[in-house]
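Please read the following points with the sequence and the model side by side.

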Amino acid sequence: MNEKIQEMQNLSEKISILYVEDNLGLSKNIRSLLSRIFKTIFIANNGQEGYVECMHSRPNIVITDLNMPGMNGFEMIKKIKEIEPDCKIIILSAYDEKKHLYTAIKLGVFSYLHKPAKATELVNTLYDAVISIHKEENSRVFLNQLQNIFNYQNNIVIMLHKDKFVLVNRRFDEFFGIENIEEFYEKYGDADKLLLEHKEFLYSTPSSKWINTAVKNLGKLYHTKIQNHKGEKRHLILKLRSIPEKEDYYILSFDDVTELNLMSLFDSNAAKNDENSKDKMTILTLLQVVKDNSSEVKIHNFYKGLTIVNSAVITEINKESFTLKTVNTQLKIVQITRYMTITSEIFPKDVICKSVKSIDSDNQTIVIDDVTFASRSAADRKYIRLEPDANHGCTLYFKNIKFPGESSVLDISEVSAKLKTDALPAGIEVGTRIKVVISLKLKGRLITISTLGSIYRIEENKRDYNIVVLYELSQKNIHDIKAYLSNRQIELIREFKSIDINSQTQNNYSI
């Protein structure tokens, strides 16, 4: 017994005990024993005092009699358990009827001892209570640590029951911008749609749900793509594990590896679309800044190479599109080209509008819903590059042999020309030197550009090829081409002004 008392002395430093007994003589003896074990002891003489003391001191253990004036032991125990369910209650009573035992069990009493209890019996019971308190505390600390690990690790962690999320960590909440699972299901709907389609990644198909596939291959790693609450499409590695002895329960984890930039290795087209989507969100945010500051943007278009630029104001922005108000000249060129570039001093790059949702000539507005950042700026165009008139000629030579078929000029500048040809001779590739002869009409007279050039780019079409040739012209050729381009600009301005859009399209024009 002395060994247990000594062990309890070491374990019970932070454990307090309340002793409730109306028999002062018996109380004195028990108090003497308790003082050898516990540093903190509270005493009460009846049930009402015991309850009040318990609410004030919150002891870990309560030893109590049952038959006491006023509030009896069972009444006190019931009220204590409602407030402190983990408190260890030890009954020390002369009553040993079965009905009292049943009541004690129902109330969750730790132990029931018959008076007068032997010192050894009481010490053993107290020892068991102290050990139980320590085990529960250790378990609580351990579970708290697990909860912290569960919540604060970088991975998304989910507990599944069949195909339903039943428990998620804080990283999950942060990723999806929600407070709890209920909000997730309200906001995102069926978890089956969580994984987005991407080549060689895991996602649901008409014939198989992604969760079922993962369940059939427990422990296997899968690449997945998921969109977070910011609209960003993230690359995550999925792993599913079963929970032992818990049928249809699983632990699902997602490790974010987006920063490795691997998605394009699996599906370059999807990765490009994701990047464009990311660009769009950034562009819409920047446009909102422009609008909030009552500033303007500039719209750039090219009509056969002729630059047309005008200012525009932003009248409306939503999650999918934005509306610009500009002059009729710009509306006209947008209707013709169905393409435009927007610039602003706050844009890191020019913005390409790849398609236009609608044009309203009456209100002078354009609605745009497909945008991305340009790889090059419109301001980078150092040389004027124009589409020549139909009255031009083009002949190409490789090793002094004329290209087979017909050739023509798509656009021309002082330093390069984009050419179309029916066929390419064998041996033609980027970097190949060829001879270019171009004839142009300038104010009724014929000028000829004859020079060697290097092929800069080759575009293969279904029936022909487009090639870009870089060349260095003689001073006479430069003089002639500058004069031609200057005259051609005037012709294109007149041509553009003469176009009647209303005769070709409806007033509200949709693309």
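1. Two strands are said to pair if DSSP finds at least two bridges between them, and the strands themselves (E, at least two residues), like the helices (H or I, at least four residues), are DSSP runs numbered from the N terminus. On that basis, β8 is joined by six bridges to strand β9, residues 233-242, and the two run antiparallel. Within this pair, Lys225 has His235 of β9 as its bridge partner.

2. A word on the basis of these notes: this is a predicted model, in which local features need pLDDT of at least 70 and side-chain atom pairs count only at pLDDT 80 or more, while totals for chains, interfaces and linings use all residues. Residues are numbered from 1 along each chain as its sequence is written, and side-chain values use heavy atoms, with hydrogens and water left out.

3. The pair β8 and β9 belongs to an open sheet of five strands, whose order is β7-β6-β10-β9-β8 and whose pairing is antiparallel. Its edge strands are β7 (164-168) and β8 (222-227), each of which pairs on one side only. Neighbouring strands of the sheet are turned against each other by 40° on average, with direction ignored.

4. How do the axes of helix α12 and helix α13 cross? The axes of α12 (residues 328-337) and α13 (residues 475-498) come within 11 Å and cross at roughly 90°, where axes are lines fitted to C-alpha atoms, for helices over the stretch in contact, and angles run from 0 to 180 degrees between N-to-C directions. The two helices are therefore roughly perpendicular to each other; angles of 65 to 115 degrees count as such, those under 35 as roughly parallel, those over 145 as roughly antiparallel and the rest as oblique.

5. The contact between these helices (heavy atoms within 4.5 Å) is made by Thr329, Lys332, Ile333 and Ile336 of α12 and by Phe496, Lys497 and Ser498 of α13. By class, it has three nonpolar, two polar and two charged residues, where Ala, Val, Leu, Ile, Met, Phe, Trp, Tyr, Cys and Pro count as nonpolar, Asp, Glu, Lys and Arg as charged, and the others, Gly among them, as polar.

6. The 24 residues of α13 should span 34 Å, and its end C-alpha atoms are 35 Å apart, which agrees.

7. Gly50 is placed in helix α3, residues 47-57, and counts as buried at 0% relative accessibility. Leaving aside neighbours within four places in sequence, Gly50 is in contact with Leu18, Val20, Ala44 and Met76.

8. Several loop residues deserve a look at their backbone. A cis peptide bond with omega of about -10° joins Lys115 and Pro116, and Pro116 lies in the loop between β5 (111-114) and α6 (119-152). Glu200 is not a glycine but has a positive phi of about 70°; Glu200 is found in the loop between α8 and α9 and is exposed, with a relative accessible area of 60%. Asn400, in the loop between β17 (393-398) and β18 (401-402), has a positive phi near 65° and counts as exposed at 74% relative accessibility.

9. Is Thr205 buried, partly exposed or exposed? Thr205 lies in the loop between α8 (181-188) and α9 (210-216) and is partly exposed, with a relative accessible area of 34%.

Note on methods
Buried means under 20% relative accessible area, exposed over 50%, partly exposed in between (1.4 Å probe, protein chains only). The expected span of a helix is 1.5 Å times one less than its number of residues.
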